[in-house]
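This report describes selected local features of one protein model. Please look over the sequence and the structure before reading on.

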Amino acid sequence: AVVSTQSGHYGRGRGNGEMATPSLHGDMPQPAFRDEDRKSNWKSQTDAIDRNARQNLPPYMIIGAGSGIVLYLAKYSLYGLALLLGPGRDKYAAAAIEIDLGTVPEGKNAVFTWRGKPLFIRHRTQEEIDKSKAANVSQMRDPQTDAERCVNEKFLICLGVCTHLGCVPIAHAGDWKGYYCPCHGSHYDTCARIMKGPAPLNLEVPKHEFITEDIVIIGKED
């Protein structure tokens with residue numbers, strides 16, 4: 001049978017109901033759309049990179065997790081080695097530091113770190129010095145004169161650790177404008193002596209030695 005196509009060309013019809021083949025392209029094979037062929041040839045019809053990415057995902061995850069564990073163990077191994085080869089705690093505790101007092105402006109309180117604790121160095125004004133010297137030592141909870149606490153009257157050197165519960169006091173605060181611990185209300189004067197509040201002792205003055213007028217060594221052992 002002869003049938004007409006939409007383009008106006010004629011081709012040969014097929015009695016089994018299959019689509020007619022246009023006579024103009026009668027030499028081209030008709031494509032097959034069977035599901036069996038598509039399923040069996042899917043590997044040849046997909047990108048090899050995509051297939052490898054899906055197939056290798058579990059190994060990649062295992063390698064990544066293993067690498068993370070190795071790096072974690074290596075970190076703490078190096079940390080332990082550094083502690084083993086580094087200076088001992090006794091040497092660290094006896095360490096001394098040298099400070100240039102010329103870097104502390106008059107009227108200011110500088111904070112340094114010494115043996116893991118805050119260290120206060122206060123460059124006192126003449127007014128602060130005079131007021132501290134005029135204080136009645138006999139009425140103090142932990143009586144110490146200004147000269148006992150300040151080798152060089154211009155500079156107060158003490159630990160920034162409240163003697164009550166170990167908090168860090170605030171400089172230029174409190175009733176005496178020296179140091180104030182807001183945790184429980186301990187007030188210190190400009191010589192870091194306890195004047196009011198629950199703290200039992202003055203702020204600790206570490207052992208120090210002046211090399212020159214502006215250079216001091218903190219914690220030097222005999």
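Strand β12 is joined by 3 bridges to strand β13 (residues 215–218), and the two run antiparallel. Strands here are DSSP runs of E with at least two residues, helices are runs of H or I with at least four residues, and both are numbered from the N terminus. Two strands count as paired if DSSP finds at least two bridges between them. Phenylalanine 210 has valine 216 in β13 as its bridge partner.

These strands belong to an open sheet of 3 strands in the order β4-β13-β12, with antiparallel pairing. The edges are β4 (97–100) and β12 (208–210); each has a single partner strand, so one side of each is left without a neighbour in the sheet. On average, neighbouring strands of this sheet are turned by 25° against each other, direction ignored; the axes are lines fitted to C-alpha atoms, and angles between N-to-C directions run from 0 to 180 degrees.

## Basis of the model

The model is predicted: local features need pLDDT of at least 70, side-chain atom pairs count only at pLDDT 80 or more, and totals for chains, interfaces and linings use all residues. Residues are numbered from 1 along each chain as its sequence is written, and side-chain values use heavy atoms, with hydrogens and water left out.

## Proline 200

Proline 200 lies in the loop between β11 (194–196) and β12. With 41% relative accessibility, proline 200 is partly exposed (buried is under 20% relative accessible area, exposed over 50%, partly exposed in between; 1.4 Å probe, protein chains only).

Proline 200 and histidine 164 are 36 residues apart in sequence, yet 6.4 Å apart in space from C-alpha to C-alpha. Leaving aside residues up to four places away in sequence, proline 200 touches Arg141, Asp142, Thr163, His164 and Ile194 (contact means heavy atoms within 4.5 Å).

## Helix α5

In helix α5 (residues 126–133), Glu128, Ile129 and Ser132 are buried. Viewed down the axis of α5, the buried residues fall within an arc of 100°, so they line one face of the helix; the arc is that of the directions from the helix axis to the C-beta atoms. Glu127 and Lys131, on the other side of α5, are exposed. The buried residues of α5 pack against β6 (117–123) and α6 (146–149).

## Asparagine 109

Asparagine 109 is in strand β5 (residues 109–114) and is buried, at a relative accessible area of 18%. Not counting residues up to four places away in sequence, asparagine 109 touches Phe120, Ile121, Arg122, Ala171, His172 and Tyr179.
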